Amino acid sequence: MIKIAIVDDHHLFREGLASMFATSENIEVVGSFSDGKDYLTFLEGKNVVDIVLLDISMPEINGLEVLDICKENHPQIKSIILSMHNDGNYIVKSVQKGAMGYLLKNVDQQELTMAIENVARGNKYFNKETTDLMLTHMAVQVEGVKKISAREKEILYLISEGSTTKEIAEKLILSTRTIETHRVNMMKKLNVKNSAELIKKATELHLF
């Protein structure tokens, strides 16, 4: 019997999943939780969970944070993300944080059961839709990295060190306007909205 937990802040969705497996001969729902905090408290009670079906956007502690904590404290539990986010960025982040599978919430019972059984055997599970989303995101990231010039990488490094636009301009003997133009261009290339996201993405992509 595969013991699963459901962690999602939408009550009706949780109830639907629980009823879906109520008559299953090899899958047992051992817990249903509205946020990551309650789920982690449940685990602290030494309750056995083989697989967790985990949403991403939740109050208190979100799904990505739960993945981080479980990777450290409960590595034996396998996680399948079940989310509305059809964004390759979320899929890649989930995989990096230890998720064994990622499915969208429009998945049918047959495929969800197949995913649970595959992951229970130690395999990863991504269907064609989530695989395509992930590969497209990764391709865009690679293309963005290729477009970052040596000068822009130099500016990125100085930004990450906490240098102001004026300080960077003086160091590189450029105008502040030129530095700002480079900054804006890099944000477009890496598809981020501000300097904080720019540095975070650059760090993830090992640009400096």
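This is a predicted model: local features need pLDDT of at least 70, side-chain atom pairs count only at pLDDT 80 or more; totals for chains, interfaces and linings use all residues.

**Entry 1: helices side by side**

The names I use come from DSSP runs: helices (H or I, at least four residues) and strands (E, at least two), numbered from the N terminus.

I looked up how H3 (residues 63-73) meets H4: their axes come within 9 Å and cross at roughly 15 degrees. Such axes are lines fitted to C-alpha atoms, for helices over the stretch in contact, with angles from 0 to 180 degrees between N-to-C directions.

Which residues make the contact? On H3 I found Leu64, Leu67 and Lys71, and on H4 Tyr90, Lys93, Ser94 and Gln96. Contact here means heavy atoms within 4.5 Å. Sorted by class, the contact of H3 with H4 has three nonpolar, two polar and two charged residues. For the classes, Ala, Val, Leu, Ile, Met, Phe, Trp, Tyr, Cys and Pro count as nonpolar, Asp, Glu, Lys and Arg as charged, and the others, Gly among them, as polar.

I then turned to H2 and H3, whose axes come within 10 Å and cross at roughly 15 degrees. H2 and H3 are therefore roughly parallel too, and their crossing is right-handed. Gly36, Tyr39, Leu40 and Leu43 of H2 meet Val66, Ile69 and Cys70 of H3. This contact of H2 with H3 has six nonpolar residues, one polar and no charged.

**Entry 2: a pair at another angle**

Next I checked H7 (residues 150-160) against H9: they pack at about 100 degrees, with axes 10 Å apart. That makes H7 roughly perpendicular to H9. I listed Arg151, Glu152, Ile155, Leu156 and Ile159 in H7, which meet Ile179, His182, Arg183, Asn185, Met186 and Lys189 in H9. By class, the contact of H7 with H9 has five nonpolar, two polar and four charged residues.

**Entry 3: the sheet**

In what order do the six strands of the open sheet lie? I read off E2-E1-E3-E4-E5-E6, with parallel pairing; two strands pair if DSSP finds at least two bridges between them. At the edges I found E2 (27-33) and E6 (125-126), each pairing on one side only. H4 (residues 88-96) packs on this sheet, where it touches E4 (78-83), E5 (101-104) and E6, and its direction makes about 150 degrees with that of E5.

Strand E1 (residues 2-7) is joined to E2 by six bridges in the parallel sense, and isoleucine 6 stands opposite serine 32 in E2. E4 and E5 share four bridges, also parallel, with isoleucine 81 opposite tyrosine 102 in E5.

I followed the side chains of E5: Gly101 and Leu103 point one way, Tyr102 and Leu104 the other, and all are buried. Buried means under 20% relative accessible area, exposed over 50% and partly exposed in between (1.4 Å probe, protein chains only).

**Entry 4: single residues**

Is isoleucine 4 buried or exposed? It is buried, at 0% relative accessibility, and its place is in strand E1. Among the residues that isoleucine 4 touches beyond four places in sequence are Phe21, Val29, Leu53 and Ile116. Its C-alpha atom is 5.8 Å from that of aspartate 50, 46 residues apart along the chain.

Lysine 46 has a positive phi, near 65 degrees, though not a glycine. I found lysine 46 in the loop between H2 (36-44) and E3 (51-54), exposed at 74% relative accessibility.

Isoleucine 173 also has a positive phi, about 55 degrees. Isoleucine 173 lies in the loop between H8 (165-172) and H9 (176-189), and is exposed at 75%.

How values were computed
Residues are numbered from 1 along each chain as its sequence is written. Side-chain values use heavy atoms; hydrogens and water are left out. Angles under 35 degrees count as roughly parallel, over 145 as roughly antiparallel, 65 to 115 as roughly perpendicular and the rest as oblique. A crossing is left-handed if the near helix is turned anticlockwise from the far one by less than a right angle, and right-handed if clockwise.
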